[in-house]
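Morning, everyone. Let me put the next model on the screen, then walk through its packing.

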Amino acid sequence: MEYQGPDELDEAAAAINLMHENARALVTELQHKTELAQLERSRATEAQARLAAIVEYSSDAIIGRALDGTVTSWNAAAERILGYTAAEVIGRDPVEIFPLELRQKIAEHRKLLNAGQLVPEYETVRIHKDGRRVDVAASVSAIKDNSGSIIGIAAILRDITERRRAEDALRRYAARLRELSRRLSEVEESERRAISRELHDRIGQELTTLSLMVGALDTRLSRESRNAVQKLLKDMQALVRYVVAHIRDVMAELRPPVLDDYGLLAALRHLVTEFANRTGIAVNLSGADVCPRLPLVVETAMVRISQEALNNIAKHAHAKKVEISLDSASERVVLDIADDGVGFDTGNIADGGEHWGMITMRERAEAVGITFRLESAPGAGTRIVLEAERVAS
Ligand SMILES: Nc1ncnc2c1ncn2[C@@H]1O[C@H](COP(=O)(O)OP(=O)(O)O)[C@@H](O)[C@H]1O
Ligand SMILES: [Mg+2]
């Protein structure tokens, strides 16, 4: 190369320097970018590891499948709930975990999912490797890649066998309780009848005899003796009459005497009259007699529930008026008891506490097949509706 003077040399040197600096800047930037990429990669790996741990330790079975149904992942819970190890199922489509009757539905689900549709969570059954049926709650969703195309299906299965078992036990327990409560009111009624009969047949007879004896005593005394005990004898006779009347009341309370002989409407009228006399609250009773009659247990329950409803009105309602109607259509009998009192929040009685009246009323009704409905709200009065279906005979 020919020497071209100091200026050109300087320029060349400057150009080289600039190139060098640019190159260094480029290298620094590249290094920086590489570091960032590495950081991102390690973050992604970390996130993946965390996700894998969550999947692995989940108590729900988490199963990944490719679009054709072959299993791509199978966690520990899946091994436990379904009995197959990951090695046994990965890479194939284990149709044996689906009950025969469900396979058609499963195929439809897959079609929906492959088409990008959602399948809502549902309760279903899977077959364990040992042949046992397992109750599960299943939720399935599509797995998508970065571009949003569906590349597989993820299924989460929760074992609900225990919950099912507990629910069944609870249902059986509730049924037993209802049966018990039905038996209880049957026993109560027959006990009441027995006591009432005893009072009538024995105590009643004996009191009559006693009354006659006191009368006879009066006539057999000498004048002097009679003078001495006359007041006492009168008091005794009055007391015997009082006891007889008292026992008649107790008998009426124990066993509504009119129900057996005169029917539901008459028994209600009897209750209502007694209630109006006792409380001074006006009651309007309307309706026709129930004909043909309902089974005695059903009518008895209706009377007992009305009795309790009236007691509640006397105790809590501050009502001015009570409307009772007995509607006896051919297919069902409806008894409606409504007061115009203070009402109450029905949400508060569910937890029971010391208040057994409402619960007993409902149980008593349901035990003999009566539908019990309670409507009440603060300031809006209270209504109880009893509905008994007639069974076609
Ligand atoms: N007819 C009514 N009017 C207003 N409140 C009522 C009426 N019937 C029931 N209640 C309310 O419901 C509660 C529960 O009634 P109940 O179970 O019969 O228990 P108890 O009569 O022993 O208090 C009562 O304490 C009362 O607050
Ligand atoms: Mg009560």
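How many residues does the largest nonpolar core have, and which have the most contacts inside it? The core has 39 residues, and I313, V322 and I324 have the most contacts within it. By nonpolar core I mean a set of buried Ala, Val, Leu, Ile, Met, Phe, Trp, Tyr and Cys residues joined through side-chain atoms within 4.5 Å. Buried means under 20% relative accessible area, exposed means over 50%, and partly exposed is in between, with a 1.4 Å probe and protein chains only.

Ground rules. This is a predicted model: local features need pLDDT of at least 70, side-chain atom pairs count only at pLDDT 80 or more, and totals for chains, interfaces and linings use all residues. Residues are numbered from 1 along each chain as its sequence is written, chains are lettered from A and ligands numbered from 1 in the order in which they are written, and side-chain values use heavy atoms, with hydrogens and water left out.

Helices here are DSSP runs of H or I, at least four residues, numbered from the N terminus. Now take I324. Leaving aside neighbours within four places in sequence, I324 contacts V272, V283, N284, L285, S286, L310, L335, D336 and I337. Contact means heavy atoms within 4.5 Å. There is also a second, separate core of 24 residues, with A61, I81, V89 and V136 among them.

Next, helix pairs. Helix 9 packs on helix 10, residues 357-367, at about 165°, with the axes 10 Å apart. Axes are lines fitted to C-alpha atoms, for helices over the stretch in contact, and angles run from 0 to 180 degrees between N-to-C directions. So helix 9 is roughly antiparallel to helix 10, a word that applies to angles over 145 degrees. On the helix 9 side, the contact includes R304, I305 and E308. Helix 10 brings G357, M358, M361, R364 and A365.

The second pair is helix 5, residues 161-220, and helix 6, residues 223-254. Their axes come within 10 Å and cross at roughly 165°. Helix 5 and helix 6 are therefore roughly antiparallel too.

Last, Q48. Where does Q48 lie? In helix 1, residues 6-57. Q48 is exposed, at 56% relative accessible area. Its C-alpha is 32 Å from that of T161, 113 residues apart along the chain.

Note on methods
Helices (H or I, at least four residues) and strands (E, at least two) are DSSP runs, numbered from the N terminus. Angles under 35 degrees count as roughly parallel, over 145 as roughly antiparallel, 65 to 115 as roughly perpendicular and the rest as oblique.
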